[in-house]
Amino acid sequence: DHLVLTRQALDSGAELVIWPEFTVPLCWSCAEPLYREFGAEVDRLVASSRSTLLLGTNEVTGPKTAPQYHNTAMAIHPDLSRSLYFKMHLVPFGEYTPYKKVFFFIARVTHAIGDITPGREAVLHEHAGFRFGSPICYEVIFPGLVRKFVRKGADFLVTITNDGWYGKTSAPHQHWAQAVVRAVENRRYLLRAATTGISGFVDPFGRVLASSRLMTRTVLTETIYPSARLSLYTRIGDALPIAGLTLSLLSFILAVTKRAKDRRKNGRPRQIN
(Lines give C-alpha, C1' and ligand atoms only; values in the text may rest on other atoms or scores of the structure.)
Protein backbone atom coordinates (compact mmCIF):
# COMPACT_ATOMS: atom_id res chain seq x y z
CA ASP A 1 0.00 0.00 0.00
CA HIS A 2 2.74 2.46 0.88
CA LEU A 3 4.63 1.71 -2.30
CA VAL A 4 1.47 2.43 -4.29
CA LEU A 5 0.86 5.66 -2.36
CA THR A 6 4.50 6.65 -2.82
CA ARG A 7 4.23 6.25 -6.59
CA GLN A 8 1.15 8.50 -6.50
CA ALA A 9 3.13 11.13 -4.61
CA LEU A 10 6.02 10.89 -7.07
CA ASP A 11 3.62 11.24 -9.99
CA SER A 12 2.38 14.46 -8.33
CA GLY A 13 5.93 15.84 -8.35
CA ALA A 14 7.05 14.95 -4.83
CA GLU A 15 10.81 14.88 -4.27
CA LEU A 16 10.78 14.08 -0.56
CA VAL A 17 8.40 11.32 0.56
CA ILE A 18 7.57 10.64 4.20
CA TRP A 19 6.18 7.44 5.68
CA PRO A 20 4.87 7.34 9.28
CA GLU A 21 6.55 5.82 12.31
CA PHE A 22 6.84 2.02 12.15
CA THR A 23 4.94 2.00 8.86
CA VAL A 24 6.11 -1.53 8.33
CA PRO A 25 8.36 -3.45 10.74
CA LEU A 26 11.42 -2.97 8.59
CA CYS A 27 14.98 -3.48 9.73
CA TRP A 28 17.63 -2.71 7.12
CA SER A 29 20.35 -3.87 9.51
CA CYS A 30 18.75 -7.31 9.92
CA ALA A 31 19.43 -10.34 7.75
CA GLU A 32 15.89 -11.77 7.56
CA PRO A 33 14.95 -12.54 3.91
CA LEU A 34 11.61 -10.71 4.18
CA TYR A 35 13.32 -7.51 5.31
CA ARG A 36 15.94 -7.75 2.59
CA GLU A 37 13.37 -8.44 -0.13
CA PHE A 38 11.10 -5.53 0.75
CA GLY A 39 14.06 -3.25 1.49
CA ALA A 40 15.48 -3.95 -1.97
CA GLU A 41 12.16 -3.00 -3.55
CA VAL A 42 12.11 0.26 -1.60
CA ASP A 43 15.69 0.98 -2.64
CA ARG A 44 14.83 0.41 -6.30
CA LEU A 45 11.94 2.87 -6.08
CA VAL A 46 14.12 5.53 -4.46
CA ALA A 47 16.95 5.08 -6.93
CA SER A 48 14.71 5.11 -10.00
CA SER A 49 12.76 8.19 -8.90
CA ARG A 50 15.84 10.09 -7.63
CA SER A 51 13.80 11.02 -4.57
CA THR A 52 14.47 10.97 -0.83
CA LEU A 53 12.38 8.74 1.41
CA LEU A 54 12.04 9.12 5.17
CA LEU A 55 10.41 6.25 7.01
CA GLY A 56 10.17 4.70 10.45
CA THR A 57 12.14 1.51 11.08
CA ASN A 58 13.33 -0.65 13.94
CA GLU A 59 17.09 -0.81 13.53
CA VAL A 60 19.47 -2.96 15.55
CA THR A 61 22.99 -2.12 16.72
CA GLY A 62 25.55 -3.85 18.89
CA PRO A 63 26.74 -7.47 18.96
CA LYS A 64 24.39 -10.37 18.28
CA THR A 65 24.81 -11.53 21.86
CA ALA A 66 23.54 -8.19 23.20
CA PRO A 67 21.54 -6.42 20.46
CA GLN A 68 20.16 -2.95 20.98
CA TYR A 69 16.89 -2.01 19.29
CA HIS A 70 16.16 1.57 18.23
CA ASN A 71 13.01 3.39 17.19
CA THR A 72 14.50 4.91 14.04
CA ALA A 73 13.78 7.59 11.48
CA MET A 74 15.74 6.56 8.39
CA ALA A 75 16.28 8.71 5.31
CA ILE A 76 17.14 6.86 2.10
CA HIS A 77 18.77 9.14 -0.45
CA PRO A 78 18.85 8.81 -4.28
CA ASP A 79 22.34 7.29 -4.13
CA LEU A 80 20.93 4.80 -1.57
CA SER A 81 23.04 6.22 1.23
CA ARG A 82 21.17 6.39 4.53
CA SER A 83 21.06 8.61 7.58
CA LEU A 84 19.65 7.35 10.87
CA TYR A 85 18.14 9.17 13.81
CA PHE A 86 17.47 7.08 16.92
CA LYS A 87 14.62 8.32 19.10
CA MET A 88 16.08 9.88 22.24
CA HIS A 89 13.05 10.48 24.47
CA LEU A 90 11.34 7.11 24.86
CA VAL A 91 7.84 6.50 26.21
CA PRO A 92 8.07 5.12 29.76
CA PHE A 93 6.20 1.83 30.25
CA GLY A 94 5.66 1.75 26.49
CA GLU A 95 9.09 1.62 24.90
CA TYR A 96 11.05 0.88 28.06
CA THR A 97 10.55 0.25 31.77
CA PRO A 98 12.15 2.91 33.98
CA TYR A 99 13.78 1.75 37.23
CA LYS A 100 13.46 -1.91 36.36
CA LYS A 101 14.52 -3.00 39.85
CA VAL A 102 11.67 -1.00 41.36
CA PHE A 103 9.04 -1.96 38.76
CA PHE A 104 10.16 -5.57 38.38
CA PHE A 105 6.55 -6.76 38.65
CA ILE A 106 5.55 -4.94 35.42
CA ALA A 107 6.98 -7.73 33.25
CA ARG A 108 4.59 -10.17 34.91
CA VAL A 109 1.58 -8.01 34.10
CA THR A 110 2.21 -7.36 30.40
CA HIS A 111 4.61 -8.32 27.64
CA ALA A 112 3.70 -5.31 25.52
CA ILE A 113 6.41 -3.09 26.98
CA GLY A 114 9.37 -2.76 24.68
CA ASP A 115 13.04 -2.74 25.51
CA ILE A 116 14.27 0.00 23.20
CA THR A 117 17.60 1.78 23.53
CA PRO A 118 17.46 5.59 23.28
CA GLY A 119 19.60 7.58 20.87
CA ARG A 120 22.18 10.06 22.10
CA GLU A 121 22.13 12.92 19.59
CA ALA A 122 19.88 14.90 17.29
CA VAL A 123 20.98 13.59 13.89
CA LEU A 124 19.96 15.61 10.82
CA HIS A 125 19.04 14.29 7.37
CA GLU A 126 19.66 16.02 4.04
CA HIS A 127 17.55 16.66 0.98
CA ALA A 128 18.29 18.90 -2.02
CA GLY A 129 21.04 20.69 -0.15
CA PHE A 130 18.89 21.36 2.93
CA ARG A 131 18.98 19.69 6.32
CA PHE A 132 16.01 18.62 8.40
CA GLY A 133 15.34 17.11 11.81
CA SER A 134 12.96 14.23 12.47
CA PRO A 135 11.64 14.05 16.05
CA ILE A 136 9.69 10.82 16.45
CA CYS A 137 6.17 10.51 17.86
CA TYR A 138 5.68 12.20 21.23
CA GLU A 139 9.14 13.78 21.11
CA VAL A 140 7.41 16.63 19.28
CA ILE A 141 5.60 17.68 22.48
CA PHE A 142 8.92 18.70 24.09
CA PRO A 143 9.94 22.21 22.95
CA GLY A 144 13.53 21.89 24.17
CA LEU A 145 14.11 18.64 22.33
CA VAL A 146 12.73 19.91 19.00
CA ARG A 147 14.79 23.09 19.43
CA LYS A 148 17.97 20.96 19.43
CA PHE A 149 17.38 19.98 15.80
CA VAL A 150 17.00 23.59 14.69
CA ARG A 151 19.98 24.74 16.75
CA LYS A 152 22.02 22.06 15.01
CA GLY A 153 21.07 23.43 11.59
CA ALA A 154 17.69 22.00 10.56
CA ASP A 155 16.13 24.10 7.77
CA PHE A 156 12.73 22.43 8.28
CA LEU A 157 11.20 19.79 10.54
CA VAL A 158 9.62 16.41 9.85
CA THR A 159 7.88 14.36 12.51
CA ILE A 160 6.65 10.79 12.09
CA THR A 161 4.27 9.14 14.51
CA ASN A 162 1.94 6.23 15.16
CA ASP A 163 -1.24 7.58 16.76
CA GLY A 164 -3.17 4.39 16.07
CA TRP A 165 -3.10 3.62 19.80
CA TYR A 166 -5.56 6.47 20.42
CA GLY A 167 -8.23 5.48 17.90
CA LYS A 168 -10.73 8.27 17.24
CA THR A 169 -10.35 9.97 20.61
CA SER A 170 -9.23 13.55 21.18
CA ALA A 171 -5.59 12.45 21.65
CA PRO A 172 -4.58 12.53 17.94
CA HIS A 173 -5.98 16.05 17.66
CA GLN A 174 -4.08 17.17 20.77
CA HIS A 175 -0.87 15.61 19.46
CA TRP A 176 -1.31 17.41 16.13
CA ALA A 177 -2.00 20.74 17.88
CA GLN A 178 1.23 20.43 19.87
CA ALA A 179 3.21 19.76 16.71
CA VAL A 180 1.81 22.97 15.19
CA VAL A 181 3.26 24.98 18.11
CA ARG A 182 6.76 23.59 17.45
CA ALA A 183 6.63 25.06 13.94
CA VAL A 184 5.77 28.50 15.34
CA GLU A 185 8.38 28.40 18.11
CA ASN A 186 11.22 27.69 15.70
CA ARG A 187 9.82 29.48 12.61
CA ARG A 188 10.16 26.34 10.52
CA TYR A 189 7.93 24.44 8.14
CA LEU A 190 6.81 21.24 9.82
CA LEU A 191 5.77 18.10 7.93
CA ARG A 192 3.93 15.35 9.79
CA ALA A 193 3.15 11.77 8.74
CA ALA A 194 0.94 9.71 11.06
CA THR A 195 -0.21 6.12 10.57
CA THR A 196 -3.90 6.83 11.20
CA GLY A 197 -3.70 10.63 11.00
CA ILE A 198 -3.50 13.49 11.46
CA SER A 199 -0.87 14.06 8.75
CA GLY A 200 -0.19 17.47 7.28
CA PHE A 201 1.92 20.53 6.57
CA VAL A 202 2.35 23.56 8.84
CA ASP A 203 4.06 26.81 7.85
CA PRO A 204 6.35 28.82 10.19
CA PHE A 205 3.40 30.90 11.41
CA GLY A 206 1.29 27.92 12.45
CA ARG A 207 -0.99 27.97 9.42
CA VAL A 208 -2.09 24.48 8.34
CA LEU A 209 -1.47 24.24 4.60
CA ALA A 210 -2.93 20.76 4.24
CA SER A 211 -4.03 17.99 6.59
CA SER A 212 -5.70 14.59 6.53
CA ARG A 213 -8.61 13.27 8.52
CA LEU A 214 -8.34 10.38 10.92
CA MET A 215 -8.48 6.87 9.48
CA THR A 216 -8.17 8.15 5.91
CA ARG A 217 -6.01 6.61 3.18
CA THR A 218 -4.59 9.53 1.23
CA VAL A 219 -1.54 11.27 -0.20
CA LEU A 220 -0.71 14.87 0.65
CA THR A 221 1.75 16.99 -1.33
CA GLU A 222 2.89 20.55 -0.71
CA THR A 223 5.71 22.95 -1.56
CA ILE A 224 7.73 24.23 1.40
CA TYR A 225 10.42 26.89 1.75
CA PRO A 226 13.28 25.92 4.10
CA SER A 227 14.82 28.63 6.26
CA ALA A 228 18.05 29.10 8.19
CA ARG A 229 16.90 32.07 10.32
CA LEU A 230 16.69 31.46 14.05
CA SER A 231 13.70 32.58 16.08
CA LEU A 232 14.03 34.17 19.51
CA TYR A 233 12.96 30.93 21.16
CA THR A 234 15.48 28.91 19.15
CA ARG A 235 18.21 31.31 20.23
CA ILE A 236 17.51 31.57 23.97
CA GLY A 237 15.22 28.62 24.64
CA ASP A 238 13.33 28.76 27.93
CA ALA A 239 15.48 31.56 29.40
CA LEU A 240 12.54 34.00 29.67
CA PRO A 241 10.10 31.66 31.48
CA ILE A 242 12.91 30.44 33.75
CA ALA A 243 13.82 34.07 34.57
CA GLY A 244 10.14 34.86 35.19
CA LEU A 245 9.77 31.85 37.48
CA THR A 246 12.95 32.81 39.36
CA LEU A 247 11.76 36.39 39.88
CA SER A 248 8.36 35.14 41.04
CA LEU A 249 10.01 32.81 43.56
CA LEU A 250 12.28 35.61 44.85
CA SER A 251 9.31 37.97 45.14
CA PHE A 252 7.40 35.33 47.11
CA ILE A 253 10.34 34.77 49.49
CA LEU A 254 10.77 38.52 50.03
CA ALA A 255 7.04 38.97 50.65
CA VAL A 256 6.97 36.12 53.22
CA THR A 257 10.10 37.47 54.92
CA LYS A 258 8.70 41.02 55.10
CA ARG A 259 5.38 39.78 56.46
CA ALA A 260 7.15 37.78 59.17
CA LYS A 261 9.17 40.88 60.18
CA ASP A 262 6.03 43.02 60.30
CA ARG A 263 4.30 40.47 62.52
CA ARG A 264 7.20 40.40 64.95
CA LYS A 265 7.35 44.19 64.97
CA ASN A 266 3.61 44.66 65.54
CA GLY A 267 3.46 41.88 68.08
CA ARG A 268 5.97 43.41 70.53
CA PRO A 269 4.43 44.61 73.87
CA ARG A 270 4.40 48.41 74.25
CA GLN A 271 5.84 50.06 77.38
CA ILE A 272 3.44 52.53 79.06
CA ASN A 273 4.93 55.24 81.29
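**View 1. Leu190 and the residues that it touches.** In this predicted model, Leu190 is in contact with residues from several separate stretches of the chain, and once residues up to four places away in sequence are set aside, its partners are Val140, Leu157, Thr159, Ala179, Arg182, Ala183, Gly200, Phe201 and Val202. Leu190 is also among the residues with the most contacts inside the largest nonpolar core, a group of 36 residues, where Leu54, Tyr85, Phe149, Phe156, Leu157 and Leu191 share that description. At least two residues of this core come from each of strand E3 (68-76), helix H4 (143-151), strand E7 (156-161), helix H5 (171-186), strand E8 (190-194) and strand E9 (200-202). Another core, of 15 residues, lies apart from it and includes Val17, Trp19, Val46 and Leu55. As a general background to such groups, nonpolar side chains in soluble globular proteins tend to be buried together.

**View 2. Strand E8 and its covered residues.** Strand E8 is mostly covered, and five of its five residues are buried. Leu190, Arg192 and Ala194 point one way from the strand, whereas Leu191 and Ala193 point the other way, and all of these residues are buried. E8 runs parallel to E7, and five bridges join the two strands; in this pairing, Thr159 stands opposite Arg192 of E8.

View 3. Six strands, in the order E5-E6-E7-E8-E9-E10, form an open sheet in which the pairing is mixed. Strand E5 (125-127) and strand E10 (208-211) are the edge strands, each of which pairs on one side only. On average, and with direction ignored, neighbouring strands of this sheet are turned by 25° against each other. Helix H5 packs on the sheet, where it touches E7, E8, E9 and E10, and the direction of H5 makes about 160° with that of E8.

**View 4. Strand E6 between its two partners.** Which kinds of pairing, parallel or antiparallel, does E6 make with E5 and E7? With E5, the pairing of E6 is antiparallel and extends over three bridges, and within it His125 stands opposite Phe132 of E6. E5 and E6 form a hairpin with two residues between them, and Ala128 in the turn has a positive phi of about 55°. With E7, by contrast, strand E6 (residues 130-133) runs parallel and is joined by two bridges; here the bridge partner of Gly133 is Leu157 in E7.

**View 5. His2 in helix H1.** His2 lies in helix H1, which covers residues 2-11. Because its relative accessible area is 27%, His2 counts as partly exposed. When its neighbours within four places in sequence are left aside, His2 is in contact with Trp19, Pro20 and Thr23. His2 and Thr23 are 21 residues apart along the chain, and their C-alpha atoms are separated by 8.3 Å.

**View 6. The largest pocket and its lining.** The largest pocket of the model has a volume of about 960 Å³. Its lining is made up of 41 residues, of which Leu16, Val17, Ile18, Phe201 and Leu220 lie nearest the centre of the pocket. The elements that contribute two or more residues to this lining are H1, strand E1 (16-18), E8 and E9.

Technical notes: Residues numbered from 1 in each chain as written. Predicted model: local features only at pLDDT ≥ 70, side-chain atom pairs only at ≥ 80, totals over all residues. Heavy atoms only, no water. Core = buried A, V, L, I, M, F, W, Y, C linked by side-chain atoms within 4.5 Å. Buried < 20%, exposed > 50% of the residue type's maximum accessible area, 1.4 Å probe, protein only. Helix = DSSP H or I, 4+ residues; strand = E, 2+ residues; numbered from the N terminus. Contact = heavy atoms within 4.5 Å. Pairing = 2+ DSSP bridges. Axes fitted to C-alpha atoms, helices over the stretch in contact; angles between N-to-C directions. 1 Å grid on protein atoms, 1.4 Å probe; cavity = no way out; pocket = protein on both sides within 12 Å on 5 of 7 lines; lining within 4 Å. Points joined across faces, edges and corners; volume = space filled by probe spheres on them.
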